[in-house]
Amino acid sequence: MTSLLRLLTGKPQAASRTVSRETLAIDLGNGHVVEVLRVRDPRARRIKLSVDERGPRLTLPMRASEIAGQRFVIEHGDWLLAQIAQADSDAARLQPHVSASIPLRGADLPVRWQVARYLRLQLNEDALDIAAPEAVNAAALQRALRDFYEGQARADVGRWLPKYLPGLPRAPSRLRYRVMSSQWGSLAPDGALTLDLSLVLAPPPAFEYVLVHELCHLIHADHSRAFWREVEARCPDWRDQREYFRASGRSLKAGLRRLIAADA
(Lines give C-alpha, C1' and ligand atoms only; values in the text may rest on other atoms or scores of the structure.)
Protein backbone atom coordinates (compact mmCIF):
# COMPACT_ATOMS: atom_id res chain seq x y z
CA MET A 1 0.00 0.00 0.00
CA THR A 2 2.86 2.36 0.87
CA SER A 3 4.57 1.68 -2.46
CA LEU A 4 1.33 2.32 -4.34
CA LEU A 5 0.82 5.60 -2.47
CA ARG A 6 4.31 6.72 -3.45
CA LEU A 7 3.64 5.87 -7.11
CA LEU A 8 0.38 7.83 -7.12
CA THR A 9 1.53 10.90 -5.19
CA GLY A 10 5.29 10.92 -5.59
CA LYS A 11 5.58 11.46 -1.81
CA PRO A 12 6.26 9.08 1.08
CA GLN A 13 3.36 8.31 3.37
CA ALA A 14 3.31 10.61 6.43
CA ALA A 15 3.90 9.01 9.80
CA SER A 16 0.97 8.76 12.17
CA ARG A 17 0.53 11.83 14.38
CA THR A 18 -1.91 10.17 16.76
CA VAL A 19 -1.42 10.68 20.47
CA SER A 20 -2.32 7.59 22.49
CA ARG A 21 -3.15 7.54 26.22
CA GLU A 22 -3.31 4.73 28.74
CA THR A 23 -3.48 4.68 32.54
CA LEU A 24 -0.99 2.35 34.25
CA ALA A 25 -0.58 1.22 37.87
CA ILE A 26 3.16 1.28 38.59
CA ASP A 27 4.62 -0.27 41.73
CA LEU A 28 7.31 2.04 43.17
CA GLY A 29 8.14 -0.33 46.02
CA ASN A 30 7.59 0.01 49.76
CA GLY A 31 3.86 -0.37 49.25
CA HIS A 32 3.52 2.63 46.92
CA VAL A 33 1.47 1.92 43.79
CA VAL A 34 0.81 5.01 41.67
CA GLU A 35 -1.56 5.42 38.74
CA VAL A 36 0.24 7.17 35.89
CA LEU A 37 -1.23 8.43 32.64
CA ARG A 38 1.09 7.21 29.88
CA VAL A 39 0.97 9.41 26.78
CA ARG A 40 2.73 8.37 23.61
CA ASP A 41 3.24 11.55 21.63
CA PRO A 42 4.91 11.75 18.18
CA ARG A 43 6.06 15.28 19.03
CA ALA A 44 7.96 14.17 22.13
CA ARG A 45 11.74 13.97 21.84
CA ARG A 46 12.51 12.47 25.24
CA ILE A 47 10.84 10.66 28.12
CA LYS A 48 9.23 13.12 30.51
CA LEU A 49 7.51 12.66 33.88
CA SER A 50 5.28 15.40 35.29
CA VAL A 51 2.56 15.93 37.88
CA ASP A 52 -0.35 18.33 37.57
CA GLU A 53 -3.82 18.70 39.05
CA ARG A 54 -4.93 15.59 37.13
CA GLY A 55 -2.14 13.42 38.50
CA PRO A 56 1.14 11.92 37.24
CA ARG A 57 1.79 11.91 33.49
CA LEU A 58 4.49 9.98 31.61
CA THR A 59 5.19 11.22 28.08
CA LEU A 60 6.97 8.85 25.71
CA PRO A 61 8.42 9.44 22.23
CA MET A 62 7.15 7.03 19.59
CA ARG A 63 10.35 4.94 19.65
CA ALA A 64 10.63 4.62 23.42
CA SER A 65 9.67 1.21 24.80
CA GLU A 66 7.05 0.67 27.49
CA ILE A 67 9.68 -0.96 29.70
CA ALA A 68 11.93 2.09 29.40
CA GLY A 69 9.02 4.30 30.41
CA GLN A 70 8.17 2.25 33.50
CA ARG A 71 11.84 2.10 34.50
CA PHE A 72 12.01 5.90 34.21
CA VAL A 73 9.03 6.28 36.58
CA ILE A 74 10.55 3.89 39.13
CA GLU A 75 13.94 5.63 39.00
CA HIS A 76 12.21 8.92 39.79
CA GLY A 77 9.84 7.40 42.34
CA ASP A 78 10.96 9.52 45.31
CA TRP A 79 10.53 12.72 43.31
CA LEU A 80 7.12 11.58 42.06
CA LEU A 81 5.82 10.79 45.55
CA ALA A 82 7.07 14.14 46.83
CA GLN A 83 5.31 15.99 44.02
CA ILE A 84 2.05 14.13 44.67
CA ALA A 85 2.26 14.87 48.40
CA GLN A 86 2.93 18.55 47.75
CA ALA A 87 0.00 18.81 45.32
CA ASP A 88 -2.30 17.16 47.85
CA SER A 89 -1.23 19.45 50.70
CA ASP A 90 -1.48 22.59 48.57
CA ALA A 91 -4.87 21.58 47.18
CA ALA A 92 -6.94 21.58 50.36
CA ARG A 93 -10.51 22.72 49.96
CA LEU A 94 -11.90 25.65 51.88
CA GLN A 95 -13.93 24.24 54.78
CA PRO A 96 -16.63 26.65 56.01
CA HIS A 97 -16.04 27.87 59.58
CA VAL A 98 -13.02 25.54 59.84
CA SER A 99 -10.21 26.58 57.47
CA ALA A 100 -7.80 28.93 59.20
CA SER A 101 -6.09 30.34 56.10
CA ILE A 102 -6.05 30.51 52.31
CA PRO A 103 -3.09 30.99 49.95
CA LEU A 104 -2.52 34.47 48.54
CA ARG A 105 0.57 36.14 47.03
CA GLY A 106 2.96 33.40 48.09
CA ALA A 107 1.84 33.25 51.72
CA ASP A 108 -1.00 31.99 53.91
CA LEU A 109 -3.64 34.63 54.54
CA PRO A 110 -5.45 34.11 57.86
CA VAL A 111 -9.22 33.62 57.65
CA ARG A 112 -11.63 34.82 60.33
CA TRP A 113 -15.10 33.30 60.22
CA GLN A 114 -18.29 34.90 61.43
CA VAL A 115 -21.79 33.47 61.39
CA ALA A 116 -24.08 35.75 59.41
CA ARG A 117 -27.27 35.62 57.41
CA TYR A 118 -25.59 36.49 54.11
CA LEU A 119 -22.25 35.51 52.60
CA ARG A 120 -19.65 38.26 52.46
CA LEU A 121 -15.87 38.30 52.00
CA GLN A 122 -13.82 41.31 53.06
CA LEU A 123 -10.05 41.70 53.08
CA ASN A 124 -8.65 43.61 56.03
CA GLU A 125 -5.02 44.43 56.70
CA ASP A 126 -4.01 41.08 58.14
CA ALA A 127 -6.83 38.65 57.36
CA LEU A 128 -9.78 37.72 55.19
CA ASP A 129 -13.04 38.09 57.09
CA ILE A 130 -15.73 35.70 55.86
CA ALA A 131 -19.27 36.18 57.09
CA ALA A 132 -21.40 33.20 56.15
CA PRO A 133 -24.43 31.21 57.30
CA GLU A 134 -23.62 28.13 59.37
CA ALA A 135 -24.84 25.92 56.53
CA VAL A 136 -23.35 28.02 53.74
CA ASN A 137 -23.81 26.69 50.22
CA ALA A 138 -20.46 25.25 49.06
CA ALA A 139 -20.89 26.39 45.45
CA ALA A 140 -21.72 29.93 46.55
CA LEU A 141 -18.64 30.03 48.79
CA GLN A 142 -16.43 28.81 45.94
CA ARG A 143 -17.84 31.44 43.57
CA ALA A 144 -17.28 34.14 46.17
CA LEU A 145 -13.70 33.00 46.69
CA ARG A 146 -13.07 33.02 42.95
CA ASP A 147 -14.43 36.57 42.73
CA PHE A 148 -12.18 37.54 45.64
CA TYR A 149 -9.10 36.10 43.93
CA GLU A 150 -9.94 37.80 40.64
CA GLY A 151 -10.39 41.12 42.41
CA GLN A 152 -6.96 40.75 44.05
CA ALA A 153 -5.36 39.78 40.72
CA ARG A 154 -6.88 42.81 39.00
CA ALA A 155 -5.61 45.05 41.79
CA ASP A 156 -2.07 43.70 41.36
CA VAL A 157 -2.06 44.13 37.60
CA GLY A 158 -3.60 47.56 37.99
CA ARG A 159 -0.57 48.62 40.04
CA TRP A 160 2.01 47.09 37.69
CA LEU A 161 0.64 47.76 34.22
CA PRO A 162 1.01 51.58 34.01
CA LYS A 163 4.80 51.48 34.35
CA TYR A 164 5.13 49.14 31.34
CA LEU A 165 2.70 50.82 28.92
CA PRO A 166 5.03 53.64 27.76
CA GLY A 167 7.46 51.10 26.28
CA LEU A 168 4.85 49.16 24.33
CA PRO A 169 3.52 49.74 20.81
CA ARG A 170 -0.04 49.55 22.18
CA ALA A 171 -1.93 48.56 25.29
CA PRO A 172 -3.73 45.21 25.60
CA SER A 173 -7.20 45.49 24.11
CA ARG A 174 -8.74 43.78 27.14
CA LEU A 175 -7.72 41.75 30.16
CA ARG A 176 -9.36 38.62 31.50
CA TYR A 177 -8.61 35.90 34.03
CA ARG A 178 -9.22 32.21 33.50
CA VAL A 179 -8.33 28.91 35.12
CA MET A 180 -5.81 27.62 32.58
CA SER A 181 -4.72 23.98 32.52
CA SER A 182 -1.11 24.47 31.45
CA GLN A 183 -0.42 28.03 30.33
CA TRP A 184 0.17 31.00 32.62
CA GLY A 185 -0.93 33.58 30.11
CA SER A 186 -1.67 34.21 26.45
CA LEU A 187 -1.95 37.14 24.07
CA ALA A 188 -4.47 36.93 21.23
CA PRO A 189 -3.80 38.52 17.81
CA ASP A 190 -6.28 41.28 18.67
CA GLY A 191 -4.27 42.18 21.77
CA ALA A 192 -6.56 40.50 24.30
CA LEU A 193 -4.50 39.40 27.32
CA THR A 194 -5.51 36.33 29.32
CA LEU A 195 -3.84 35.48 32.63
CA ASP A 196 -4.16 32.35 34.73
CA LEU A 197 -6.08 33.12 37.91
CA SER A 198 -3.75 30.97 40.03
CA LEU A 199 -1.02 33.59 39.49
CA VAL A 200 -2.50 35.54 42.39
CA LEU A 201 -1.47 32.68 44.68
CA ALA A 202 2.19 33.02 43.61
CA PRO A 203 4.72 35.48 45.05
CA PRO A 204 4.15 38.89 43.39
CA PRO A 205 7.51 38.91 41.51
CA ALA A 206 6.52 35.66 39.78
CA PHE A 207 3.08 37.01 38.86
CA GLU A 208 4.59 40.23 37.55
CA TYR A 209 7.08 38.28 35.42
CA VAL A 210 4.21 36.51 33.60
CA LEU A 211 2.56 39.87 32.98
CA VAL A 212 5.81 41.25 31.54
CA HIS A 213 6.28 38.13 29.42
CA GLU A 214 2.86 38.49 27.80
CA LEU A 215 3.19 42.26 27.35
CA CYS A 216 6.47 41.74 25.48
CA HIS A 217 4.54 39.68 22.95
CA LEU A 218 2.99 42.98 21.87
CA ILE A 219 6.50 43.78 20.59
CA HIS A 220 7.59 40.32 19.38
CA ALA A 221 5.01 37.59 18.80
CA ASP A 222 7.66 34.85 18.99
CA HIS A 223 10.21 33.71 21.56
CA SER A 224 13.24 34.99 19.67
CA ARG A 225 16.37 36.44 21.23
CA ALA A 226 14.93 39.88 20.60
CA PHE A 227 11.85 38.92 22.61
CA TRP A 228 13.88 37.74 25.59
CA ARG A 229 15.95 40.93 25.51
CA GLU A 230 12.73 42.88 25.93
CA VAL A 231 11.72 40.65 28.85
CA GLU A 232 15.10 41.00 30.54
CA ALA A 233 15.08 44.78 30.18
CA ARG A 234 11.86 44.88 32.21
CA CYS A 235 12.39 41.86 34.47
CA PRO A 236 16.12 41.14 35.04
CA ASP A 237 15.40 38.16 37.33
CA TRP A 238 13.04 36.44 34.87
CA ARG A 239 15.09 33.23 34.97
CA ASP A 240 14.54 32.92 38.72
CA GLN A 241 10.80 33.43 38.29
CA ARG A 242 10.66 30.87 35.50
CA GLU A 243 12.39 28.35 37.77
CA TYR A 244 9.78 29.05 40.44
CA PHE A 245 7.00 28.01 38.06
CA ARG A 246 8.90 24.93 36.96
CA ALA A 247 9.26 23.84 40.59
CA SER A 248 5.91 24.92 42.06
CA GLY A 249 3.62 25.75 39.18
CA ARG A 250 1.67 22.51 39.03
CA SER A 251 0.84 22.50 42.73
CA LEU A 252 -0.16 26.15 42.43
CA LYS A 253 -2.70 25.34 39.74
CA ALA A 254 -3.96 22.31 41.64
CA GLY A 255 -4.43 24.39 44.78
CA LEU A 256 -6.61 26.94 43.02
CA ARG A 257 -8.70 24.30 41.30
CA ARG A 258 -9.51 22.62 44.59
CA LEU A 259 -10.33 25.88 46.33
CA ILE A 260 -12.77 27.09 43.70
CA ALA A 261 -13.82 23.63 42.41
CA ALA A 262 -12.95 24.56 38.83
CA ASP A 263 -13.24 20.92 37.73
CA ALA A 264 -16.74 20.53 39.13
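In what order do the four strands of the open sheet lie? The order is 5-6-8-7, with mixed pairing; two strands pair if DSSP finds at least two bridges between them. Strands (E, at least two residues) and helices (H or I, at least four) are DSSP runs, numbered from the N terminus.

A quick word on the model: it is predicted, so local features need pLDDT of at least 70, side-chain atom pairs count only at pLDDT 80 or more, and totals for chains, interfaces and linings use all residues. Residues are numbered from 1 along each chain as its sequence is written, and side-chain values use heavy atoms, leaving out hydrogens and water.

Strand 7 runs antiparallel to strand 8 (residues 128-132), and four bridges join them. Leu 123 has Leu 128 in strand 8 as its bridge partner.

Now for the largest pocket. A pocket is an open set of points on a 1 Å grid over the protein atoms alone, where a 1.4 Å probe fits, with protein on both sides within 12 Å along at least five of seven lines; lining residues have an atom within 4 Å of a point. The lining has 41 residues, and Lys 48, Ser 182, Trp 184, Arg 246 and Arg 250 lie nearest the centre. Helix 7 gives the most, seven residues.

| Class in the lining | Count |
|---|---|
| Nonpolar (Ala, Val, Leu, Ile, Met, Phe, Trp, Tyr, Cys, Pro) | 14 residues |
| Polar (the others, Gly among them) | 12 residues |
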